[in-house]
Amino acid sequence: MHRKTTTLKFPLLALVTSALLATAAFGIQPPQEGDSNKAAVAQGIMTPELKVAPSIETIEPGSHKAFVNSELQAFFSKHSTEWKVSYDSRNNLPHLIQGSGIALIPGKGNSLTRRDLAAGNLKFESRGELKVEDVAGLLQGFMKSNAGLLGTDTKDLRLDTSRSLAYGKNNYFWSIEFQQYHKGIPVEGAHVFFRVNHGNIVQFGVNRAADINLDVNPAVSDREAIDLAIAQLDSTIAERVDRAALKIYPTAFDGEGLGEFYKGSFGLGYTHRLVWEFRYLGANDHGYKVLVDAHSGEILEFTDETVYADVQGNVYPVTNTDPLLTTGLPFATVINGGTQVTDANGSYTYSGGTATVQLNGRYTNINDNCGNISLSNSTDGNIDFGGAGGTDCTTPGVGGAGNTHSARTGFYHLTNINRTAANFLPGNGWLNGTLTANMNINNNCNAFWNGSTVNFYTSGGGCGNTGEIAAVFLHEWGHGMDSNAGGAASENGTGEAIGDSFAFIELRDPCIGENFSTNTCFNCNPGCTGVRDVSAYGVNGISTVARPDTVETNAGMNCDRLIGAGNTDCPYIHPQAFVPYQGPMGYEGHCESYIASSANWDLAQLLITEHGTEGGWTKMEELWYGIMTPMGSAYQVASGGQCNPSATVNGCGASNWYTLYIAADDDDGNLANGTPNGCRIWEAFNDHGIACGTQPVCSVVCTPQPIAD
């Protein structure tokens with residue numbers, strides 16, 4: 001049989017990095033939804049008490065509070081005082097303990113051997129590699145011996161495999177979480193966590209886990225809850241669900257403001273509600289999440305989980321003006337005497353006869369609203385989708401009506417970012433699946449992730465085709481990664497910062513969505529025709545540095561310029577979707593996201609200065625993917641409440657980006673002696689007001705640590 005290696009090719013819009021320009025920008029505007037959600041507003045679409053956060057207070061090792069805490073003193077006596085400790089006054093348990101390291105498994109930071117673990121009857125896989133379950137078993141022993149300190153003796157804690165993983169070369173970094181259950185029901189967001197670096201426990205603590213006194217017998221069945229919710233929401237449903245999940249949600253006391261420090265009795269700051277949780281797909285392709293009180297039938301939350309790109313209105317529409325390049329089609333499915341998949345370069349083994357490709361690849365499936373996509377070759381097996389000028393449904397005349405610029409460009413970028421991420425997170429199930437991308441949707445000025453697919457609009461209404469812009473693909477894909485790598489944060493600002501960070505890290509271009517329009521974005525660099533410009537709000541940018549205390553500054557983010565439902569700027573409620581779309585501080589999510597995304601940009605620049613261009617970007621990428629699974633909100637409002645530029649905001653939370661970066665960066669299992677880039681991580685995040693404590697040193701010292709028990 002005749003066989004040869006054949007490459008699939010198609011022109012791809014090249015990416016051009018340029019220095020870009022700022023004028024007035026327009027707030028993001030999700031697609032018009034009408035007033036069908038107003039009934040939900042009347043019922044209370046967001047119950048603030050469900051957003052309860054830890055109230056964190058630092059305890060110095062030599063302080064009176066530390067001295068009178070016998071459990072903490074016992075820990076110091078056993079493991080040294082080179083640990084930083086913060087307590088959550090709501091449950092009166094340690095929220096975060098981090099420091100010099102406690103040896104758990106063999107690693108660079110200690111002198112443990114496999115024989116030490118085998119003596120403890122730890123079972124290995126046949127190849128001798130540790131599994132998540134192995135490390136979790138050792139940590140359960142640690143929790144048992146420190147039950148008084150962690151309060152674990154009264155709680156049912158189970159390994160959360162969705163938020164636990166080994167990461168990096170030789171699995172140097174482990175993030176393990178145990179979710180709290182109560183009488184068999186999971187408690188949302190309540191867990192005990194551990195971060196193990198180079199063999200040593202360097203961070204651990206308790207997040208929202210507390211003793212529970214709650215009737216767990218629902219008065220309303222799951223189907224009754226769904227019927228009640230749908231009747232009240234008056235929403236058109238594309239795919240009805242018939243089952244809901246029963247969960248327990250930690251809550252604050254009724255009337256507590258978001259972002260306020262808890263002032264009640266220690267250990268009594270969490271109450272709980274029994275909740276039915278379900279999701280459904282609307283006729284508008286939006287994904288909705290509904291929470292219903294399982295005792296009263298009250299709708300506690302109705303959230304449009306569709307996550308959008310930005311909108312630049314009132315400008316003339318443009319197309320992507322970059323030149324077309326020819327490149328291979330990676331991981332595309334080929335029908336040729338059977339089914340095979342091209343490699344990363346677009347090559348496959350041609351066996352003669354007819355070969356057909358439809359852009360339904362191994363990791364990306366393109367659905368183009370312009371028509372079907374299919375191209376065949378029966379001579380030499382080379383399939384060239386070609387390219388031509390124009391936008392939207394313009395094709396080169398081959399490959400079907402769906403062989404558009406957006407179909408080809410989207411397939412390329414979405415597949416490549418999937419494979420990049422899989423190199424860092426090989427065990428992630430979402431990355432090993434197939435993502436559907438809907439192109440040329442008959443609407444304008446947006447793109448969105450709806451919980452399962454990414455979706456891109458045609459040109460018009462002052463905007464270009466969002467399926468022809470690489471950063472838009474990467475941003476929306478980033479929302480999907482966020483949702484499927486441990487679970488997205490409960491607010492939207494962090495998710496938007498995640499999307500923008502994926503875009504600029506992959507493209508190395510701070511202008512997010514270049515060529516989205518002919519106008520420049522708000523207070524951006526000259527020439528940035530994207531939706532945001534993360535460098536403009538950095539320490540060397542042309543605008544006021546993005547920080548919590550500058551969130552309303554006219555020369556900076558000026559987030560109070562964005563008016564939501566009820567003519568209020570904060571807390572922001574989207575005027576069309578009638579749902580909150582807020583960052584941790586309560587301002588419009590895309591706008592407030594600048595605080596975290598520009599901190600990431602500045603961190604990348606500091607790493608480049610230290611390690612060189614390639615080394616710096618490589619380190620940034622390594623750190624970024626390293627914190628993805630345990631990631632929570634980028635920062636926290638510790639006190640002062642939302643919508644307050646004078647509030648106390650920092651990155652001291654156990655799942656905040658700064659805290660996680662420090663754990664992921666360590667090279668010796670000892671946080672007390674600094675980390676290789678700790679000073680740079682702190683500098684970047686402190687410049688943006690979301691670091692924690694004083695600046696650590698940048699250190700590469702390695703000292704074996706005492707063994708955990």
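Predicted model: local features only at pLDDT ≥ 70, side-chain atom pairs only at ≥ 80, totals over all residues.

User: Okay, in which sense do E22 and strand E24 pair, and over how many bridges?

Analyst: In general, strands of a sheet pair through backbone hydrogen bonds, either parallel or antiparallel. Here, E22 (residues 364-368) and E24 (residues 435-444) run parallel, with five bridges between them. Within that pairing, Ile366 sits opposite Ala437 in E24.

User: Which residues of strand E22 make up the covered face, and which the uncovered one?

Analyst: The general idea is that side chains in a regular strand alternate between the two faces of the sheet. In E22, Thr364, Ile366 and Asp368 are on the covered face, while Asn365 and Asn367 are on the uncovered one.

User: What is the strand order in the open sheet of four strands?

Analyst: Read across, the order is E19-E18-E21-E23, with antiparallel pairing. The edges are E19 (339-341) and E23 (375-377), each pairing on one side only. From one strand to the next, the twist averages 30 degrees. Zooming in, E18 (residues 333-335) and E19 pair antiparallel over three bridges, and Ile335 stands opposite Thr339 in E19.

User: Now for a buried spot: why does Asp500 count as buried?

Analyst: The cut-off for buried is under 20% relative accessible area. Asp500 counts as buried because its relative accessibility is 0%. This residue lies in helix H10 (residues 492-507). Leaving aside neighbours within four places in sequence, Asp500 contacts His475, Ile512, Arg532, Ser593 and Ser597.

Key:
Residues numbered from 1 in each chain as written. Heavy atoms only, no water. Pairing = 2+ DSSP bridges. Helix = DSSP H or I, 4+ residues; strand = E, 2+ residues; numbered from the N terminus. Axes fitted to C-alpha atoms, helices over the stretch in contact; angles between N-to-C directions. Buried < 20%, exposed > 50% of the residue type's maximum accessible area, 1.4 Å probe, protein only. Contact = heavy atoms within 4.5 Å.
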